[in-house]
Amino acid sequence: MFMGNTPFITVRAARPLTDIEFCAWVGQAAPGDRLEYHQGFLGIDTMAGMSTLPDTDRQRLAALASAAFRACEAGLVHLVQERLGPDRFAYLAIARPKPRAAPMPLERLLAEPEAA
C-alpha cells in the first residue's frame, strides 16, 4: 500500500497521560497517527528507588508503559523511541491498522500484565 507524502504529526500530551487515556487514543487513532506518551528514561523513571518522580507519578507512568506494551503485543501500535539527548528519550506509539476481525476489547488492554 502506498501512503504518499502524507506528513505524520506526533501528538504530544499537554500533561502526563494515564493508561486509560492511552487506551482511548489507541481506540480512535488512524493508522500512522503518533503519540508521544513519555519523555525521559522509561526504565529508570518507572523503577521504585531509582526514579526521581513522586510515587503516584511513577505508578501512573508504570501503568501507562504497561498499557503501551500490551497494545504493542496485541498488534495495535508500534512502540519506538527517539533519542533527545544523553539518557533522555521521547517514547512514541504509532498506530497500526486495526484488525478486521475480533477487535481488542478495552478490558483486555487494561488488564493486569499477568492476565494478558
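I'm working from a predicted model, where local features need pLDDT of at least 70 and side-chain atom pairs pLDDT 80 or more, while totals for chains, interfaces and linings use all residues. Residues are numbered from 1 along each chain as its sequence is written, and side-chain values use heavy atoms, with hydrogens and water left out.

**Helix 3.** I took helices as DSSP runs of H or I with at least four residues, and strands as E runs of at least two, numbered from the N terminus. Helix 3 covers residues 55–73, and its 19 residues reach 27 Å from first C-alpha to last, close to the 27 Å expected at 1.5 Å a residue (that is, 1.5 Å times one less than the number of residues). I looked up its buried residues (under 20% relative accessible area; exposed is over 50%, partly exposed in between, 1.4 Å probe, protein chains only), and they include Arg-58, Leu-61 and Arg-70. After the helix comes Gly-75, with a positive phi near 80°.

**Helix 1 against helix 3.** Their axes (lines fitted to C-alpha atoms over the stretch in contact, angles from 0 to 180 degrees between N-to-C directions) are 8 Å apart at about 25°. The two helices are therefore roughly parallel, a term for angles under 35 degrees. For contacts (heavy atoms within 4.5 Å), I found Asp-19, Phe-22, Cys-23 and Val-26 meeting Ala-63, Leu-64, Ala-67, Ala-68 and Ala-71.

**Ala-30.** I placed this one in the loop between helix 1 and strand 2. Ala-30 counts as partly exposed because its relative accessibility is 35%. Its C-alpha is 9.3 Å from that of Ile-94, 64 residues apart along the chain.

Note on methods
Angles under 35 degrees count as roughly parallel, over 145 as roughly antiparallel, 65 to 115 as roughly perpendicular and the rest as oblique.
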